[in-house]
Amino acid sequence: MAKKAKTIFVCQECGYESPTWMGQCICGAWNSFVEEKALPPAKEDARRRTSEGARPSKLKEVGTREYKRLDTGIGELNRVLGGGLVRGSLVLISGEPGIGKSTIIIQTASNIAKTGKRVLYVSGEESEEQIKMRADRVCGEIPESLFVLPETNLENVETACENIKPEFLIIDSIQTMYSDELDSAPGSVSQVRTCGNKLMKIGKTGNIPIFIVAHVTKSGDLAGPKTVEHLVDCVLNFSGERDQELRILRSFKNRFGTTSEIGAFIMAEDGLQEVADISGTFLEGKTEETEGSVTAAVYEGSRPVMFEVQALVTPSNIGFARRTAVGADNTRMSMILAVLEKKAGLQLINQDVYVNIVGGLKPEGTSVDLAAALAIYSSHKSIAASKKTLAIGEIGLTGDLRAARYADKIVKEAARMGYERVIMPASNLKSIKEKPQNCQIIGVKNIAEAIRAFAR
Ligand code: TYD
Ligand code: MG
């Protein structure tokens, strides 16, 4: 039942609450305030108060425990979660509509249910039949203990949880859920936040892991769900190009593991398939050395990932030169272009420059700098690398190269993939303990040396 509540204004970007409407929020966003009903005060908090107050513990004496983890039956998902799903944890799975969130979730639900655990899949978006059709397609035989509930009312979900006592709960999606306590629309900041809080209570009291789906826009904006990010234990993001098969799962926040692991999947006819040889998949189609193409590598979590960086440099025929980067950071690219001009003598002033990281990966960190610079050089001068070449290293404003992380592991992977030489910062050389047999390692100090080595 709706309760009397006063009106407040909530920023859709950061969740900041203000008694009056403001043109710009303290987070910097403009026109981001929406009018909402204020949340009623939480009664539970008042009840918890005792005359002694809270009793702090000595940190030294606090025991630690091993988290009990559930195997999701999907290796790549386990890896991103930090080794499986921690009981009682809240996991937000974000991604654009149509990317495959419901697919990975039904696969996980069915895997866990196949081990005999009760799983409840709450969908505010699809009917039972639609969920069944997808499950028939991707799960094989549907296990006995997998329950579905098409529902958008959170109080009803609470009741269903009390009845079924699920050991794994899924909410697809948080934007469709609403609580009777508020009369604002589903998907509004206060609804999302209230539902997030209630779900946390369900998860923590019953020690139930919960997956919460959240839709984001093309620009990666979580809008409403951003306000629950601080509440949940993990925030995973599912990304990829809808017209390509590859999907990347990445964690932005993880209280039970690192945030640098990525999981790779292929969207196939019968659901998401795990990609075991991730470098092989990214490099598919790169057979010979061509102009404007250099292989780069980054170390993601516990494994190296190799991918192709392409560049195209063409004379500009409009007044100003165009610079476009896909998968790489635009500011970083402008810096690399400036260093190439100043420190390697390239004339790029009248040239359009396009840089593309093939395969839809958006690598983090700066060790992709050198490969991007060499790809630009290669396209500009129409010189292809003479051998199968991989390049890693961060470029500084002085043109110097800085060490890349885990260069030894990247070299090992490069040799395994049949690369004939690796161009890397000289400062990385000492970390290479085992020199591979068929792969030449070239240490260079700056961008000019790297170009000489590349063109040789
Ligand atoms: P879905 O999981 O419904 O996306 P989301 O929940 O993120 O909105 O997946 C949607 C797309 O995936 C849809 O366009 C069809 C495609 N798909 C496959 O290619 N193979 C499959 O086995 C399934 C279930 C979906
Ligand atoms: Mg869906």
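**Entry 1**

I looked up Tyr 406 and found a relative accessibility of 35%, so Tyr 406 counts as partly exposed. I note here that the model is a predicted one. Tyr 406 sits in the loop that runs between strand E21 (401-402) and helix H10 (407-416). I read its phi as near 55°, a positive value in a residue other than glycine.

I then turned to Asn 207, whose phi is likewise positive and near 55°. This residue belongs to the loop between H6 and strand E10 (210-215). Its relative accessibility is 46%, and Asn 207 therefore counts as partly exposed.

**Entry 2. A cis peptide bond**

I checked the peptide bond from Asp 172 to Ser 173 and recorded it as cis, with omega near 5°. I placed Ser 173 in the loop between E9 and helix H6 (189-206).

**Entry 3. Helix H9**

I examined helix H9, which covers residues 369-381 and has 13 residues. From first C-alpha to last, H9 reaches 18 Å, close to the 18 Å expected at 1.5 Å a residue. Is H9 largely enclosed by the rest of the structure, or largely open? I found 11 of its 13 residues buried, so H9 is largely enclosed. Among the buried residues I listed Asp 369, Leu 370, Leu 374, Ile 376 and Tyr 377. After H9 comes Ser 382, with a positive phi near 55°.

**Entry 4. Surroundings of ligand 1**

I counted 16 residues around ligand 1, the closest being Gly 98, Ser 102, Thr 103, Ala 268 and Gly 271. By class, I sorted this shell into 5 nonpolar, 5 polar and 6 charged residues.

Which distances separate oxygen atoms of ligand 1 from polar atoms of Gly 100, Arg 134 and Gly 271? For Gly 100, a backbone N or O atom lies 3.0 Å from a ligand oxygen. For Arg 134, an N or O atom in the side chain is 2.8 Å from an oxygen atom of ligand 1. For Gly 271, a polar backbone atom is 2.7 Å from an oxygen atom of the ligand. I noted next that ligand 1, taken alone, exposes 560 Å², of which the protein buries 75%. Helix H3 (101-114), helix H4 (128-138) and strand E13 (262-268) are the elements that give two or more residues to the shell.

**Entry 5. Salt bridges**

I recorded 17 salt bridges in the structure. I began with Glu 76 and Arg 303, whose closest N and O atoms are 3.0 Å apart. This pair links distant parts of the chain, with Glu 76 in helix H2 (residues 75-81) and Arg 303 in strand E16 (residues 303-315), 227 residues apart. I found both Glu 76 and Arg 303 buried.

I next took the salt bridge of Glu 167 with Arg 118, where the closest N and O atoms are 4.0 Å apart. Glu 167 lies in the loop between helix H5 (154-164) and strand E9 (168-172), and Arg 118 in the loop between H3 and strand E7 (119-123), 49 residues apart. Glu 167 has 29% relative accessibility and so counts as partly exposed. Arg 118, at 31%, also counts as partly exposed.

Arg 402 is partly exposed, with a relative accessible area of 42%, and Glu 394 counts as partly exposed at 21%. Lastly, I noted that salt bridges with shared partners join Glu 76, Arg 79, Glu 261 and Arg 303 into one network.

Terms used. Residues numbered from 1 in each chain as written. Chains lettered and ligands numbered in written order. Predicted model: local features only at pLDDT ≥ 70, side-chain atom pairs only at ≥ 80, totals over all residues. Heavy atoms only, no water. Helix = DSSP H or I, 4+ residues; strand = E, 2+ residues; numbered from the N terminus. Expected span 1.5 Å × (residues − 1). Buried < 20%, exposed > 50% of the residue type's maximum accessible area, 1.4 Å probe, protein only. Near = heavy atom within 4 Å. Polar contact = N/O pair within 3.5 Å; in protein donor to acceptor, adjacent residues only side chain to side chain. Areas by Shrake-Rupley, 256 points an atom, 1.4 Å probe, with all protein chains shown as cover. Nonpolar A, V, L, I, M, F, W, Y, C, P; charged D, E, K, R; others polar. Salt bridge = Lys/Arg side-chain N within 4 Å of Asp/Glu carboxyl O.
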